[in-house]
Amino acid sequence: MRQATPTYELLRAAFADADGDLPRYRVLYQAIRESILGHRLPPGTRLPSTRELARELGLSRNTVLSTFEGLLAEGFISARAGSGTYVAQAAAAPRTRGARHAPINGERRPLAGNAPQLSQRGLRLAAFAGGSRFEIQPLSGGEVDFTLFPIKQWQRLQSRQLRLARPELLDYASDGGYLPLRHAIADYVRVSRAVRVEVDQVIVTAGTQHSLDLCAQLLADVGDRVWVEDPCYWGARCIFDSCDLKIDPIAVDADGMDPAAAPAGSRPKLIYLTPSNQYPTGVPMSLARRRAVLELAARERAWILEDDYDSELRYSGRPLASLQGLDTEQRVVYLGTFSKVLYPGIKIGYLVVPAPLVQPFRSALYDLQRPGQLPVQGALAEFMERGYFATHIRRIRQAYAETRALLIEALQPALGGPAHITSQSAGLHLVIRLPDGFDDQQLAQTAAARGVRVSALSRYFIGAPAAWGLVVGYGYASAEKIARSGRVLAQVLRAALPR
Ligand SMILES: Cc1ncc(COP(=O)(O)O)c(C=O)c1O
């Protein structure tokens, strides 16, 4: 029996349209698959025999056979012994208005144009594009300057680790990371950040993003509330959103996050804070607020995630001790990173977790990630043990303090009056506050047109903006470049501000 002509017509048309470079079996496969998904070959349609199809389309029988095998394996068609091959009942996508085609497995959602098929979470992440929109870059465009990093020392230590060729360092990292590194970190944060810590409590991660992800997964369930500072570090917001937590933005003022500004009745499971240097406003959290938030966490049995991302970089006054060091109820998880003080791509960070969380964090880290990179952890442990880390921090602290001073000097003609610096003398960026409602995004664009990269403060708010200004980065770039760009920024500001 000859197959109804529409099938042949469809397939012949597909061949006529096909890309001449594609192998024949691929053209046939795509033509049948698309016809099934597009309901042109509905479920139950009998397909021609392989022999007939090969003859009609001028193909070898093997080409048709291997195409059918592929379609069978993927469930598009089914073979009934003795009676032929049919379009499988479950193969076609449900008819959805606007759907061009849909995959066999997974969600069946109309696709817009050539959009990739993403989950709801994936769509949110793709739309967020935080790195490109929010990352604070060095003010001057072009190359980033890492000349402060002692690359030779680092190379020597890394090569030494590899030369030692200890087989155990080639394995996965278990028990929360390389023990000598955990010792070095514990010693460091105990002394420099007044963190209360035993070595067991230190868990080495692949940086703060990774630490936050672990915390969100282990300490909160889908739909739980997380309080975040508003404005907020976009990286944290992105992690919480991707874990399907409900984000409550809590206002920040000159004393840091104000728990009293939380929505009535909101009971947080997590409270994310940057108390040493609020990101991005650059204000430290006052002692009264620290106490208030610790009390609240104890009362609500919430976890505080203390992101101490750049606490090493303070250029005046004594560093504020960590919030964790004030906690008597074991409600604080402390997060540190080497991204700012060494280099961002090192991707080594750490958690200091309360004792009851040690085992769950260690095993989840292993089960979820199979962490590794022990030779790098070994090199870092030595870098710290030999005192290189302390020396490096002293060097960069001095260098960044100078860069910051040069930048402020360059900006001076535009400061005073409606524009003033509100961030403390710390970190790798400063904040210039502008009058309420000022179009800081337009100003950032004007600066960009003159080759100067700054971010608009208002963009970092989750809710309605409550402060306007410029976030100006001065890290990882030479002092001269920063000063030069600072002068251009001063001109842009003066031209835009009311006299
Ligand atoms: C507030 C804050 N936390 C943490 C980090 C560092 O994250 P990671 O260790 O994932 O590089 C940054 C980097 O920009 C940051 O701004």
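**Note on the cavities, ligand site and backbone of a predicted model**

1. Three cavities of 30 Å³ or more are found when the whole structure is searched. The structure is a predicted model, and the points below should be read as a description of that model.

2. The largest cavity holds about 60 Å³ of space. Its lining consists of Asp145, Phe146, Thr147, Leu148, Phe149, Lys340, Val341, Leu342, His392, Ile396, Tyr400 and Tyr476. Sorted by class, eight of the residues lining the largest cavity are nonpolar, two are polar and two are charged.

3. The largest pocket has a volume of about 650 Å³. Helix 9 (208-219) and helix 10 (234-242) are the elements that contribute two or more residues to the lining of this pocket. The lining comprises 29 residues, and Glu135, Tyr233, Ser339, Lys340 and Pro344 are the ones nearest the centre of the pocket. By class, 13 residues of the pocket lining are nonpolar, 11 are polar and five are charged.

4. A polar backbone atom of threonine 208 is 2.7 Å from an oxygen atom of the ligand. From the side chain of serine 339, a polar atom lies 2.6 Å from a ligand oxygen atom. For lysine 347, an N or O atom in the side chain is 2.9 Å from an oxygen atom of the ligand. The ligand taken alone exposes 410 Å², of which the protein buries 92%.

5. The bond from aspartate 230 to proline 231 is cis, with omega near 10°; proline 231 is placed in the loop between strand 5 (225-230) and helix 10. The bond from tyrosine 279 to proline 280 is likewise cis, with omega near 5°. Proline 280 is in the loop between strand 8 (270-273) and helix 11 (287-300).

6. Although aspartate 175 is not a glycine, its phi is positive, at about 55°. Aspartate 175 lies in the loop between helix 7 (151-164) and helix 8 (179-193). As background to this point and the previous one, most residues other than glycine have a negative phi, and most peptide bonds are trans.

Note on methods: Residues are numbered from 1 along each chain as its sequence is written. This is a predicted model: local features need pLDDT of at least 70, side-chain atom pairs count only at pLDDT 80 or more; totals for chains, interfaces and linings use all residues. Side-chain values use heavy atoms; hydrogens and water are left out. A polar contact is a pair of N or O atoms within 3.5 Å; within protein, one must be able to donate a hydrogen and the other to accept it, and residues adjacent in sequence count only if both atoms are side-chain atoms. Accessible areas come from the Shrake-Rupley method with a 1.4 Å probe; for residues, only the protein chains shown count as cover. On a 1 Å grid over the protein atoms alone, a cavity is a set of points where a 1.4 Å probe fits but cannot get out, and a pocket is an open set with protein on both sides within 12 Å along at least five of seven lines; lining residues have an atom within 4 Å of a point. Grid points are joined across faces, edges and corners, and a volume is the space filled by probe spheres set on the points. Ala, Val, Leu, Ile, Met, Phe, Trp, Tyr, Cys and Pro count as nonpolar, Asp, Glu, Lys and Arg as charged, and the others, Gly among them, as polar. Helices (H or I, at least four residues) and strands (E, at least two) are DSSP runs, numbered from the N terminus.
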